[in-house]
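I am opening a notebook on this structure. The entries below follow the order in which I looked things up.

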Protein chains: 2
Amino acid sequence: MFTIPLPAAVDENMRQNVFIGVDIGGTNLRAALVDGSGTILESIRTQIRIDLGARAALDRLAAQCLILIRSARSRGLAPRAVGLGVAGKIDKLSHSVVFSPNLPAMRNYPLGSELHTRIGIPVFMENDANCFGLGESFAGAARGIANWVGITLGTGAGGCLFLDGRLWEGDGLGFSAEIGHMIVLPGGPPCPCGCRGCLEAFASATAVVRGARECIEQGIVREGPLADLARNGQLSAEAIHACARRGDAASVSLFEKMGWALGIALANVFSILGIRHAVLGGGVSAAWDFFSGSLHSSLSGNVSMLDPDLAVVTRGILGDNAALVGAARLASIMVDS
Amino acid sequence: MFTIPLPAAVDENMRQNVFIGVDIGGTNLRAALVDGSGTILESIRTQIRIDLGARAALDRLAAQCLILIRSARSRGLAPRAVGLGVAGKIDKLSHSVVFSPNLPAMRNYPLGSELHTRIGIPVFMENDANCFGLGESFAGAARGIANWVGITLGTGAGGCLFLDGRLWEGDGLGFSAEIGHMIVLPGGPPCPCGCRGCLEAFASATAVVRGARECIEQGIVREGPLADLARNGQLSAEAIHACARRGDAASVSLFEKMGWALGIALANVFSILGIRHAVLGGGVSAAWDFFSGSLHSSLSGNVSMLDPDLAVVTRGILGDNAALVGAARLASIMVDS
């Protein structure tokens with residue numbers, strides 16, 4: 001079933017074929033010049049400052065792209081297209097951000113077409129979790145794997161699905177692979193989406209912080225590093241991860257709960273699709289050592305058709321760069337299609 | 001996204017092109033002569049008598065096929081291949097039944113190749129839930145729908161998945177679309193598969209009967225039609241459905257619980273795949289009026305990305321014949337591939 005040929009030996013043509021990949025988060029905007037083999041030639045970062053409005057964000061985005069286009073020219077290269085990875089629901093036909101929880105001012109803003117007007121080369125947009133998948137599929141942990149599911153553990157939990165080597169987009173309803181909104185515990189903790197017990201309500205930075213806060217409010221944790229963080233207004237997934245590394249049992253158990261939920265979600269995806277590969281990314285996946293154990297035991301306990309020893313759940317290998325490389329890959333696929 | 005062309009007008013060629021479809025259950029063996037348009041020309045039924053062993057079951061199966069081959073000849077037709085739908089895990093390469101809960105004597109028995117030796121025309125095998133899907137997709141409720149999930153509610157809960165108009169088989173691990181073994185309630189009721197809280201533990205004839213028995217054992221139901229059935233050793237999904245039709249509240253609530261679980265399972269499948277169509281079949285789907293209400297409200301309450309008004313969940317329209325027509329369709333697809 002693993003039918004995707006690995007990229008042929010990288011030749012000079014592939015190196016000359018360059019694209020711009022952009023990863024737009026709630027705070028930062030990263031842009032990179034990426035060659036046809038998925039290698040980042042140059043990357044830059046700035047604040048998106050969405051608080052100044054969509055137009056101001058477009059100004060910053062266009063300026064970053066123009067910097068990279070000029071830099072490419074100085075190397076004798078000409079970027080052929082831009083790929084934009086944006087957290088949120090994208091309308092690809094109108095090149096608009098339909099809705100983005102972290103970029104509220106972008107609602108229904110035709111970011112793609114406005115950027116195209118400014119910089120004069122084709123612009124394509126995609127959900128950031130799908131860009132993560134395109135990156136890991138092309139040049140990362142999922143290279144050569146035909147069927148796999150990806151989960152990005154960040155502020156929320158994003159998902160992507162690759163079937164027969166291609167990004168699966170379902171019925172074209174504007175969403176797909178919403179693994180983060182799979183119900184893992186009916187009636188469980190509330191999720192920002194409005195439902196209860198979604199994977200995201202267990203497996204995301206927001207969920208870990210909320211879990212810590214609940215432990216403190218319910219008196220389960222009265223003192224120790226988590227209580228100190230809360231007192232100082234410094235509760236964050238990174239800080240809780242640091243506490244776990246220093247051996248704080250309460251912090252460790254928050255990540256174990258995340259692993260439990262991930263194990264159920266993956267068991268369900270594997271049972272439904274008859275597949276066995278998953279790649280996890282996003283900032284919170286850095287706490288891998290603290291959730292992978294409970295993930296694997298929960299997965300094993302909740303699949304009956306799949307031999308759990310055949311399941312392969314790994315971390316992405318492109319780290320922060322996955323969505324950048326994937327956005328450039330999107331540009332490359334779309335401009336040639 | 002609905003790109004499958006409807007079958008062209010049925011021509012004489014299609015009618016001349018005939019196949020044998022076989023549906024092998026735990027008790028009965030049904031076989032039919034089916035033309036290329038999916039019309040059943042003739043069908044016969046006998047007991048499988050698996051208690052006499054795999055060889056005796058093969059004898060009966062071969063005899064039924066030979067009856068249909070002779071009958072076809074008398075019409076001037078020659079069946080080109082046989083499709084066998086069997087409840088259980090199938091190894092298509094060795095044409096064997098790997099394991100079938102209702103046909104234990106078939107374990108690792110090369111039913112397909114043995115039958116081929118007896119009757120001299122090609123034989124292909126498939127899981128019965130996939131045959132249900134092939135039938136409804138070709139000539140039933142899912143005609144023209146590219147992406148959809150099927151659930152068969154019988155003794156257990158089977159599943160099938162069609163993506164881009166084709167039966168999805170995943171990584172070729174010997175299972176796929178095991179919707180019945182998706183976890184809908186972690187730690188919930190035990191499932192014959194060994195896990196807890198699977199869809200099948202809520203939505204199947206076995207689950208409904210177990211639910212009734214628990215209501216009686218726990219004293220929730222002390223008298224009334226369910227208690228009478230239990231006393232007479234006549235608890236079955238059909239009998240409980242009959243009680244529901246006569247207005248028995250306890251029986252109604254058992255089907256409502258089934259609908260609740262189906263709603264969560266479908267919400268998850270729709271969220272994961274970005275699709276919106278499902279077709280339900282199997283004997284227990286006859287109780288549709290008693291579970292479809294809770295199914296729809298549970299589905300609506302557990303999807304955030306899909307507008308619940310776009311979800312289309314219907315009953316199959318081929319009834320008992322879906323797997324027969326689908327097995328014949330399998331034969332037709334495979335013999336020409």
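**Entry 1: a pair in a helix.** I began with A:E214 and A:R210, which sit four residues apart in helix α5 (residues 205-217) of chain A, so about one helical turn separates them. Their side chains meet in a salt bridge, 3.3 Å from N to O. I note that the model is a predicted one. A:E214 is partly exposed, with a relative accessible area of 30%. A:R210 also counts as partly exposed, at 23% relative accessibility.

**Entry 2: another helix of chain A.** I then looked up helix α6 (residues 225-231) of chain A, where A:R231 and A:D228 lie three residues apart, about one turn of the helix. These two form a salt bridge, and their closest N and O atoms are 2.6 Å apart. Is A:R231 buried or exposed? A:R231 is exposed because its relative accessible area, 59%, is over the 50% cut-off. A:D228 counts as partly exposed at 35%.

**Entry 3: further salt bridges.** I found a salt bridge of 2.9 Å, N to O, between the side chains of A:R49 and A:D51. A:R49 counts as partly exposed, with 31% relative accessibility, whereas A:D51 is exposed at 56%. I also noted a network of salt bridges that links A:K92, A:E126 and A:E169. Over all chains the structure holds 18 salt bridges.

**Entry 4: where the chains meet.** I turned to the interface. How many residues of chain B are in contact with chain A? I read 45 residues of chain B in contact with 45 residues of chain A. The two chains bury about 3700 Å² between them, and 64% of that is on carbon and sulfur atoms. B:D171, B:I272 and B:M305 supply 20% of the area that chain B buries against chain A, more than any other three residues.

**Entry 5: contacts across the interface.** I looked for charged pairs between chain B and chain A and found two salt bridges. In one of them, A:R166 pairs with B:D164, with 3.7 Å between the closest N and O atoms. On the chain B side, β9 (157-163) and α8 (249-273) are the elements that give two or more residues. The largest share, eight residues, comes from α8(B). By class, this side has 27 nonpolar, twelve polar and six charged residues.

**Entry 6: one asparagine.** I located B:N147 in the loop between α4 (128-139) and β8 (148-153) of chain B. B:N147 counts as buried, at 0% relative accessibility. Its side chain makes a polar contact of 2.9 Å with the side chain of A:D171. A polar atom of the B:N147 side chain also lies 2.7 Å from the backbone nitrogen of B:D164.

**Entry 7: cysteines.** I counted zero disulfides over all chains. For A:C243, the nearest cysteine sulfur is that of A:C215, 12 Å away. A:C243 is buried, at 1% relative accessibility. For B:C160, the nearest cysteine sulfur belongs to B:C131, 9.8 Å away. B:C160 is buried too, at 0%.

**Entry 8: a glycine in a loop.** I ended with B:G247, found in the loop between α7 (237-245) and α8 of chain B. B:G247 counts as exposed, with 53% relative accessibility. B:T206 is 41 residues from B:G247 along the chain, and their C-alpha atoms are separated by 21 Å.

Note on methods: Residues are numbered from 1 along each chain as its sequence is written. Chains are lettered from A and ligands numbered from 1 in the order in which they are written. This is a predicted model: local features need pLDDT of at least 70, side-chain atom pairs count only at pLDDT 80 or more; totals for chains, interfaces and linings use all residues. Side-chain values use heavy atoms; hydrogens and water are left out. Contact means heavy atoms within 4.5 Å. Buried area is the accessible area (1.4 Å probe) that two parts lose on being put together, summed over both. A salt bridge is a side-chain nitrogen of Lys or Arg within 4 Å of a carboxyl oxygen of Asp or Glu. Ala, Val, Leu, Ile, Met, Phe, Trp, Tyr, Cys and Pro count as nonpolar, Asp, Glu, Lys and Arg as charged, and the others, Gly among them, as polar. A disulfide is a pair of cysteine sulfur atoms within 2.5 Å. Buried means under 20% relative accessible area, exposed over 50%, partly exposed in between (1.4 Å probe, protein chains only). A polar contact is a pair of N or O atoms within 3.5 Å; within protein, one must be able to donate a hydrogen and the other to accept it, and residues adjacent in sequence count only if both atoms are side-chain atoms.
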